[in-house]
Amino acid sequence: MKSFGQIAGARLPRRVSVRLAGMGTAPGALVWQPAPPTSGDAAVARQLSRGVLVFDGRMAETLEPHPWDLSPPDRVWESALHGHGWLDDAAATGDRRSWDLLSAWVWSWLERFGDGSGPGWEPELAARRLTRWIAYSVRLLNGQPGDRSVAFFQALGMHTRYVDWRWRETPDGPARLEALAGLVYARLSLEGRSRDTLRAIAVLGREADRVIGPDGGIGSRSPEDLSRAITILGWSLSTMSEAGQTPAPAHLEALRRAEPVLAALRHPNGSLARFHGGRPARVRNREQEHQTPEAQPSADHATAMGFRRARCGTTVLILDAAPPPDGPHAATAHASPLAFELSSGRFPLVVNAGTGLAFGPRAAQSARRMAAHSGVELGQRCPGQLRAPDDGVARLTTPGTVRARVNADTQGVQLLGESTLYEHSLGLRLERRLHLNASGLKLSGEDTALATRAETRLQMATAFPDQAPACPMTLRLHLHPNAHARMALNGRAVSIRPPDGSIWMFIADTDLLDLEDSAYYDEAQLRPRLTRQIVARTTIMEYWGRITWSLERLPEGSSPLSLRPADT
C-alpha cells in the first residue's frame, strides 16, 4: 500500500514534490558504493575546468567559477549539464585543480536548485545525479565541513524519494529505465529498508519486460535507444550482482531478447545504424562490458526491430523495412522506409544524415525527411507528414505499410521491399529490390514506383493534374565524409574511394546522375560535417517509373578511367 507521501508526491507540482521529499529522514550512511554507469575522459575534464562546456556537439563558454548562469544552447545540452554526468570526467583526471573546480559545481547546484527550482528535475535526470553523487561521494565529501555532509545526505534521501514517486512520468523507453536503475542503485547504496530495495528491483524488471518488446526491439525503433536501454539494464544487473541481490527474471529475459537485436544493427566497425534519431555507438559507455558473450546477430540475414540485415563477405547492409514508429515515438521518427546503410569492412560507405538535434531545430527537422536518407523520394515529398500540433513537436504520420523479405542462396542475398506510404498522397507504391552478391563486392538495385489500381491512378492524377501525370523520382545515396567521390565516365558514373584505398563504382540507368553536397551530423563535432550524395533522377510517366543501378568494388589495381563503355 502506498503511503500518503508517495501519493501526494506523485501528484503535486514538481517543486512541491521535491520539497515534500526533502522532509523525509536522511540516510545515515552509505552501506555500499558501486561503480558509476559510465567512464570519464580526463581531457574533457580539463576542457570543462577551463570554462569550455561541450555536450552533444553544442558548446558554451564561461569565465565564472560555475556554469549555472549560462544560457543553454538547447534542451539536450541543458539536460547533460544538470544530469551531472560530467562528474565521470572530473573523476577520471589526476589533476587536483580540475577536480576541485568541477566538484564545486555540485555544491553550487545544491545551493541554487536543491529546493526543486530551476531545470533538471525530470526524474531520469534526478536519478542520473543521484548515481553520480553516490559513486563519488567519498571524494565529494573529502575535506568538506560537517554541515555540507549533512546537506549532502539530505539531498541523497530527497532525490531517492523524488525518483521513487515520479518515475512514472518519464518518457517510455531508456529514460524510464534510467530512472528506475538509479532508484535501485540508491536503494542498494543507502542505509534503509531492504523491502524498498526488493520492490525497486521488481519494478525495474517489470518495466524492462515492457520496454523491450517480444521481438527484442524498442518502441522508438532507434538503435541508439536500444543500445541505451541495454547499457542501463546491463549496468544495473552488474550492480545487483556485486551487491549480492538477485535481479528479476524479467530483467534477465529482456536483456536476452535485446542483445542479439542490437548486435544485428551494428556495422563491422562497431558503430550503430543511424535510423530514427539514432547515433553511432557512444565511445564512453560501458555497454560492451555488460553484454554477454552470446550477444551476436542471430543470423547473417536477420530481422531486427523492423530492420533487415544482410552480410556477404565483409560487406554489411542494414535496411529499414518497417513503417516509422507511431504514437508518442512519432515525435522522433524519421521518414526512412526502405532506406539503407552499407559498410565495407571497417569503413562505412553509404549512410544516412543522422540526427541533427545537436545542430538546432532546423537541422533536426531536415534530418527527419526522406531526402536525408539513402532511399527513394517521390514527388520531392516526404512519405508521410511532419506536422507540429499545439505543443510545437512535429510528429510524423505515415498511413500505409512497409514490408520486406530476404532470400539467400549461393549467389548472395536478395532483399525485396515494398512501401505504400506514398499511396495516401501520391497514389504510388514503391518497390525496392537489392541484391548483394556472395562476395559482398557488388550491390545491385532496382527501384520501381507504380500506380496499378484505378483509385491510386486517380490519386496520382489529382496530385499531378497535367494531362499526362508526371512525378519526379529521386534516388539518393549519402556517402560517409571519409569516402571521397567524383564523377567518372563522362558523367555516367560516380567513383568512390573509402579510406582503405579501394575503388567503388556507382552506375545508374537514369535520366540524370549527379553528385551534390550533403551534411553528416556528427555530435562529436561542433558543426555538421560536409559530405556528398549521389543523386539519380527520373520521371514517372504513365503511372510507372524505374531506376536500376549498381554499386561495385573494382578489382585491385584498376582505375575508373581505364573502364571502357562496354564495361558499364
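User: Which residues does N352 touch, leaving out those up to four places away in sequence?

Analyst: In this predicted model, N352 touches R274, F275, A339, F340, E341, A372, H373, S374 and Y520, once residues up to four places away in sequence are set aside. N352 itself lies in the loop that runs between β7 (347-351) and α15 (361-367).

User: Why is N352 called buried?

Analyst: The relative accessible area of N352 is 0%, and a residue counts as buried when that value is under 20%, so N352 is buried.

User: What makes M305 and L489 worth a look in the backbone, and where are they?

Analyst: M305 has a phi near 55 degrees, which is a positive value in a residue other than glycine, and M305 is found in the loop between β3 (303-304) and β4 (307-312). L489 has a phi near 50 degrees, again positive in a residue other than glycine, and its place is in the loop between β16 (484-488) and β17 (493-497). With the cut-off for buried set at under 20%, M305 counts as buried because its relative accessibility is 4%, and L489 is buried because its relative accessible area is 13%.

User: How do you know that the span of α10 agrees with its number of residues?

Analyst: Helix α10 (residues 174-189) has 16 residues, which at 1.5 Å a residue should span 22 Å, and because its end C-alpha atoms are 22 Å apart, the two values agree.

User: What do the corresponding values say about α12?

Analyst: The 20 residues of α12 (residues 223-242) should span 28 Å at 1.5 Å a residue, and its end C-alpha atoms are 28 Å apart, so expectation and model agree. Of these 20 residues, 16 are buried, and α12 is therefore largely enclosed by the rest of the structure. α12 is followed by G244, whose phi is positive, near 80 degrees.

User: Which residues touch the most other members of the largest nonpolar core?

Analyst: The largest nonpolar core has 134 residues, of which W133, F340, I496, F506, W549 and L551 touch the most other members. The largest share of this core, 9 residues, comes from α10. F506 is in contact with L475, L477, A493, V494, L513, I534, W549, S550 and L551, leaving aside its neighbours within four places in sequence.

User: Why is the chain called as compact as a globular protein of its length?

Analyst: The chain contains 17 helices and 21 strands. Its radius of gyration is 26 Å, close to the 24 Å that the globule rule gives for 568 residues, so the chain is as compact as a globular protein of that length. Buried residues make up 56% of the 568 residues, and residues 24 or more positions apart account for 68% of the contacts with a separation of 6 or more.

How values were computed
Residues numbered from 1 in each chain as written. Predicted model: local features only at pLDDT ≥ 70, side-chain atom pairs only at ≥ 80, totals over all residues. Heavy atoms only, no water. Helix = DSSP H or I, 4+ residues; strand = E, 2+ residues; numbered from the N terminus. Expected span 1.5 Å × (residues − 1). Core = buried A, V, L, I, M, F, W, Y, C linked by side-chain atoms within 4.5 Å. Buried < 20%, exposed > 50% of the residue type's maximum accessible area, 1.4 Å probe, protein only. Contact = heavy atoms within 4.5 Å. Rg over C-alpha atoms; globule rule 2.2 N^0.38 Å.
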